[in-house]
Amino acid sequence: MATGRTHRPATRSRGIPEATVARLPLYLRALTALSERSVPTVSSEELAAAAGVNSAKLRKDFSYLGSYGTRGVGYDVEYLVYQISRELGLTQDWPVVIVGIGNLGAALANYGGFASRGFRVAALIDADPAMAGKPVAGMPVQHTDELEKIIEDNGVSIGVIATPAGAAQQVCDRLVAAGVTSILNFAPTVLSVPDGVDVRKVDLSIELQILAFHEQRKAGEEGAASDGAHPAAAAHHESAEQGPDGDLPAVMPA
């Protein structure tokens with residue numbers, strides 16, 4: 001069976017923009033739902049709505065894949081599922097290690113969507129000796145002393161870091177030194193990696209802070225409306241509170 005170490009996706013060599021690559025999983029999720037309902041074809045408008053993008057952007061994205069659909073018919077759902085899966089490298093086996101089996105790491109280990117999307121959790125790793133051998137999601141947790149051997153034995157090229165912030169960079173360095181070239185980082189810190197290593201960061205607290213900002217703004221707008229403020233005056237007041245770039249309030253926390 002092929003592993004991530006020897007087979008890399010062809011998106012970069014084919015010149016597909018990163019923004020398009022980021023939307024491909026959205027299309028694949030929508031297409032998979034259609035496939036499960038045995039829907040044979042879908043129009044660009046219907047698929048765009050399901051994926052949360054506009055249809056012109058979708059058609060442009062698919063043009064990079066060489067898929068243009070059929071006028072009056074739309075796109076073949078099963079073919080697009082295969083085509084996007086192949087482009088994302090999901091038609092092969094990608095062994096993954098999860099480092100840090102606390103509450104978040106355990107939740108990730110128990111997530112059932114990895115296998116159906118081309119990812120195999122090869123090992124669960126934690127620095128706590130008390131965790132060694134403890135079963136999580138049907139797999140025994142292994143100690144970090146075994147990290148390099150696990151990566152070599154399983155041909156791992158993707159690592160998931162779910163450790164506390166203070167341990168994340170050291171774990172990252174060990175993963176990279178052992179041959180891991182892609183990292184999904186859940187630790188609340190920025191990782192430093194050499195050229196050739198890709199890092200995707202997932203920070204739930206930042207996402208919540210952004211939502212809190214929008215909630216606060218909506219509450220302010222509703223308050224201004226209930227006070228009978230003139231829209232133009234409200235807009236002037238808002239612009240006066242914006243920062244030097246005109247996007248965020250000057251008091252917005254970093």
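**Ground rules.** I number residues from 1 along each chain as its sequence is written, and side-chain values rest on heavy atoms, with hydrogens and water left out. As this is a predicted model, local features need pLDDT of at least 70 and side-chain atom pairs count only at pLDDT 80 or more, while totals for chains, interfaces and linings use all residues.

**Entry: rings.** I searched the whole structure for aromatic pairs and got three. To pair, rings of Phe, Tyr and Trp (its six-membered ring) need centres within 6.5 Å; planes under 30 degrees apart are stacked, over 60 edge-to-face, and the rest tilted.

I looked at Tyr-27 and Phe-62 to begin with. Their ring centres are 5.0 Å apart and the planes stand at 75 degrees, so I wrote down edge-to-face. Tyr-27 belongs to helix α1 (residues 18-36) and Phe-62 to helix α3 (residues 55-64), so this pair ties together parts 35 residues apart in sequence. (Helices are DSSP runs of H or I with at least four residues, strands are E runs of at least two, and both are numbered from the N terminus.)

Are these two buried or exposed? Tyr-27 is buried at 0% relative accessible area, and Phe-62 is buried at 0% too. My cut-offs: buried is under 20% relative accessible area, exposed is over 50%, and partly exposed is in between (1.4 Å probe, protein chains only).

Next I checked Tyr-111 and Phe-114, another edge-to-face pair, with 5.0 Å centre to centre and 90 degrees between the planes. Here Tyr-111 is partly exposed at 44%, and Phe-114 is partly exposed at 22%. I also noted that ring pairs join Tyr-27, Phe-62 and Tyr-75 into a cluster.

**Entry: charged pairs.** How many salt bridges does the structure hold? I found seven, counting a side-chain nitrogen of Lys or Arg within 4 Å of a carboxyl oxygen of Asp or Glu.

One of them joins Asp-93 and Arg-120, with the closest N and O atoms 3.2 Å apart. Asp-93 sits in the loop between α4 (77-87) and β3 (94-99), Arg-120 in strand β4 (residues 119-126), so the bridge ties parts 27 residues apart in sequence. Asp-93 is buried at 10%, whereas Arg-120 is partly exposed at 34%.

I then looked up Lys-149 and Asp-153, which meet at 2.7 Å, N to O. They are four residues apart in helix α7 (residues 147-154), or about one helical turn. Both Lys-149 and Asp-153 are exposed.

Asp-203 and Lys-201 form a salt bridge at 3.6 Å. Asp-203 is buried at 12%, and Lys-201 is partly exposed at 36%.

**Entry: a loop residue.** Where is Asp-195? I placed Asp-195 in the loop between β8 (182-185) and β9 (198-201), and Asp-195 is exposed at 82%. From Asp-195 to Thr-181 I count 14 residues in sequence and 9.6 Å in space, C-alpha to C-alpha.

**Entry: helix α2.** In α2 (residues 44-51), the buried residues are Ser-44, Leu-47, Ala-48 and Ala-51. Down the axis they fall within an arc of 100 degrees, so they line one face of the helix; the arc is taken from the directions from helix axis to C-beta atoms. Those buried residues pack against α1, β1 (41-42), α3, β2 (75-76) and α4, with contact meaning heavy atoms within 4.5 Å. On the face turned away from the buried side I found the exposed Ala-49 and Ala-50. After α2 comes Gly-52, with a positive phi near 80 degrees.
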